[in-house]
Amino acid sequence: MEHGHDSDGCKRIKNGERKMTDLSKQMSDWVKTMCSLDMTRGSEQLLNALAGLNLPGVNMDALVASQRDNLEALSASNRAAMEGIKAVAEWQVKILQETVQELTSAFGGLAKVGSPQQMVAAETDLAKKAFETAVSKMRELAEIVTKANQQATDAIVNRIPASLDEIKDVLKLPPGG
């Protein structure tokens, strides 16, 4: 009976490995789709429509150039955010795969443990190792997210002061007007 239980546990783990592989592929496909979104085409259409407007006292060429720089900064921010999402997704897939491998190995080791005291000691060691690994991986994830957020924010934050100055200059009326 006990042997059948071990066999069921191994089957569940192998099934879990298959599901993890499927999940890894799905996450990878989703990340590729998200990273392939191109905002520049729609942005160019918007800028072309804006350039066609004729507003008295507004230098439309300068306004369009200013907005083009803003959209480029937004696109750079978007790319950085997508790279961050990709890094987090890849990290999560890696962690899930490692966890399944460790569990498979751990369950194999537990099957060889003899006395109840040895079983409790082995389970305690596994729990301690799992906790330490989880804390370490959470720190790694926090570093990835922090870096991605900083990169995504920098592109826009660095652009805002110049954009405000450009808009102020564009809206100035020509001398004598």
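Leaving aside neighbours within four places in sequence, Ser163 touches Ser66 and Asn70, where contact means heavy atoms within 4.5 Å. The model is predicted: local features need pLDDT of at least 70, side-chain atom pairs count only at pLDDT 80 or more, and totals for chains, interfaces and linings use all residues. Residues are numbered from 1 along each chain as its sequence is written, and side-chain values use heavy atoms, with hydrogens and water left out.

**Overall chain**

- The protein chain holds four helices and zero strands. Helices (H or I, at least four residues) and strands (E, at least two) are DSSP runs, numbered from the N terminus.
- From the N terminus on, the order of elements is α-α-α-α.
- The chain has 177 residues, and 19% of them count as buried. Buried means under 20% relative accessible area, exposed means over 50%, and partly exposed lies in between (1.4 Å probe, protein chains only).
- Among contacts with a separation of 6 or more, 80% join residues 24 or more positions apart.
- The accessible surface of the protein chain is about 12700 Å², and carbon and sulfur atoms hold 60% of that. Areas come from the Shrake-Rupley method with a 1.4 Å probe; for residues, only the protein chains shown count as cover.

**Helix α4**

- Helix α4 covers residues 116-170, and Ser163 is part of it.
- It has 55 residues and spans 80 Å from first C-alpha to last, close to the 81 Å expected at 1.5 Å a residue. The expected span is 1.5 Å times one less than the number of residues.
- Helix α4 has a kink of about 35° at Ile160, shortly before the proline Pro161. The bend is the angle between axes fitted to the seven residues ending at a residue and the seven starting there.

**Buried side of α4**

- Lys137, Ala148, Ala152, Arg159, Ser163 and Val170 are the buried residues of α4.
- These buried residues pack against α3 (60-110).
- Ser163 counts as buried because its relative accessibility is 8%.

**Nonpolar surface patch**

- Leu74, Ile156, Ile160 and Leu164 form a nonpolar patch on the surface, with about 340 Å² of accessible area together.
- Patches are made of residues with over 30% relative accessible area and no salt bridge; like charges are joined within 9 Å, nonpolar side chains (Val, Leu, Ile, Met, Phe, Trp, Tyr) within 5 Å. A salt bridge is a side-chain nitrogen of Lys or Arg within 4 Å of a carboxyl oxygen of Asp or Glu.
- Helix α4 gives the largest share of the patch, three residues.
- Ile156 lies in α4. Ile156 counts as partly exposed because its relative accessibility is 33%.
- An α-helix has 3.6 residues a turn, so residues three or four places apart point the same way.
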